Amino acid sequence: MTLLDSRDAPRLPSRALLEVTNLTKHFVVRRGALGWSTGLVRAVDSVSFEIPAGSTLGLVGESGCGKTTTSKLILALEKPTAGSIRFEGRDVSTLGGEGERAYRRSVQAVFQDPFASLDPRMRVGTIVAEPLVINADLDAAGRRRRVAELLDLVGLPERAATLYPHEFSGGQRQRIAIARALALSPKLVVLDEPVSALDVSIRAQILNLLADLQQRLRVSYLFIAHDLAAVAHMSRTIAVMYLGKIVEVGDADAVALAPKHPYTKALFAAALPIDFDRPPDEVTLSGEVPSPLAPPGGCRFHPRCPFAMPHCATQEPVLRPESGRLVACHLY
């Protein structure tokens, strides 16, 4: 099946819909009967990026790098330790009352496992209508019409509203989850591994749907996934995270086809090739990912980097322009 390209969506004004600046989240680790603090898990450490209206930012990295914590911060499921999140120019931390409710309506999520995220005891119509009951001023007839519109939008028949989640395939359940996320016409949808739990044959269908919805609704996506080919295809910009830090960020094609940071090279070398006409980079990593409780000094990647230099262990690199993107590496 041919994949639609979400990057063909009409370009909107360049002002960022979401601006994340020096976003930080540290978790205190407590042990023992008295709950003494024994350290900090630096899950997200001074991360900055932006998502323009109608665009997609792909966030990639190994498990434990901080991607999901970043998404929880943006969804207001966690409070940041430091840094700021600005939505349509307003600092989210200063929103109160109706402003905070409006933000939660404008930012929705689709999670990895569509079966776990759907209540098996509720009919699909009730599941999709749930955000409308809480946040929209619609009567029962209005909610039924809106549910029918949403099901049609994601390619499901109106009669699906009368069925239960277990009566659908995995791909169909993810369509239901997408319909629920779109119920309140959000401006940003956080897609946390939206296709990783699906059969390979179904993934292209869901990615096509997401690309089509972006073109039709001009919604923005934060696309988090391990499937690097899907991220490269869906995203206009890719940010690569390692141990809570962004190590490379730039245009999706540039990062995917000509990565600069050694970690980015290793990630894409280990994945299925995106361009079969180009020989893959042969970059192998040694050792395990260090603990976020005690990240290495200097460059956090240096213990595993095949190109590490002595000063990599003592000097932390900052993101600097290199070949049309930003790279945090002493090689450049």
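The legends below describe close-up views of a predicted model.

**View 1. The largest nonpolar core and the surroundings of Ile 178.** The largest nonpolar core of the predicted model comprises 59 residues, and those with the most contacts inside this core are Ile 178, Phe 223 and Ile 238. Among the elements that supply the core, helix α6, which spans residues 200-217, gives the most, with six residues. When neighbours within four places in sequence are left aside, Ile 178 is in contact with Val 110 and Val 154 as well as with Ile 206, Leu 209, Leu 210 and Leu 213.

**View 2. Helix α4, its buried face and its cover.** Helix α4 runs over residues 140-153, and its 14 residues reach 20 Å from the first C-alpha to the last, which is close to the 20 Å expected at 1.5 Å a residue. The buried residues of α4 are Gly 142, Arg 146, Val 147, Leu 150, Leu 151 and Leu 153. Seen down the axis of α4, these buried residues fall within an arc of 170°, so they line one face of the helix. The face turned away from that buried side carries the exposed residues Arg 144, Arg 145 and Asp 152. The cover over the buried residues of α4 includes α3 (124-135), α5 (170-181) and α6. After α4 comes Gly 155, whose phi is positive, near 85°.

**View 3. Ser 106 in helix α2.** Ser 106 lies in helix α2, which covers residues 98-106, and this serine counts as buried because its relative accessibility is 14%, where buried means under 20%. If residues up to four places away in sequence are not counted, Ser 106 touches Phe 87 together with Pro 186, Lys 187 and Leu 188.

**View 4. Cysteines without disulfides.** The count of disulfides in the predicted model comes to zero, the rule being that a pair of cysteine sulfur atoms must lie within 2.5 Å. For Cys 305, the closest cysteine sulfur belongs to Cys 329 and is 6.1 Å away, so this separation is too far for a bond. Cys 305 is buried with a relative accessible area of 16%, and Cys 312 is buried with a relative accessible area of 7%.

**View 5. The loop around Pro 303.** Pro 303 is placed in the loop between α9 (262-270) and β11 (320-322), where this proline is partly exposed, with a relative accessible area of 44%. Pro 303 and Ser 286 are 17 residues apart in sequence, while their C-alpha atoms are 8.2 Å apart in space. Not counting residues up to four places away in sequence, Pro 303 touches both Ser 286 and Pro 296.

**View 6. An aromatic cluster.** Tyr 242, Tyr 263 and Phe 301 form one aromatic cluster, and a search of the whole structure finds four aromatic pairs.

Methods:
Residues are numbered from 1 along each chain as its sequence is written. This is a predicted model: local features need pLDDT of at least 70, side-chain atom pairs count only at pLDDT 80 or more; totals for chains, interfaces and linings use all residues. Side-chain values use heavy atoms; hydrogens and water are left out. A nonpolar core is a set of buried Ala, Val, Leu, Ile, Met, Phe, Trp, Tyr and Cys residues joined through side-chain atoms within 4.5 Å. Buried means under 20% relative accessible area, exposed over 50%, partly exposed in between (1.4 Å probe, protein chains only). Helices (H or I, at least four residues) and strands (E, at least two) are DSSP runs, numbered from the N terminus. Contact means heavy atoms within 4.5 Å. The expected span of a helix is 1.5 Å times one less than its number of residues. The arc is that of the directions from the helix axis to the C-beta atoms. Rings of Phe, Tyr and Trp (its six-membered ring) pair if their centres lie within 6.5 Å; planes under 30 degrees apart count as stacked, over 60 as edge-to-face and the rest as tilted.
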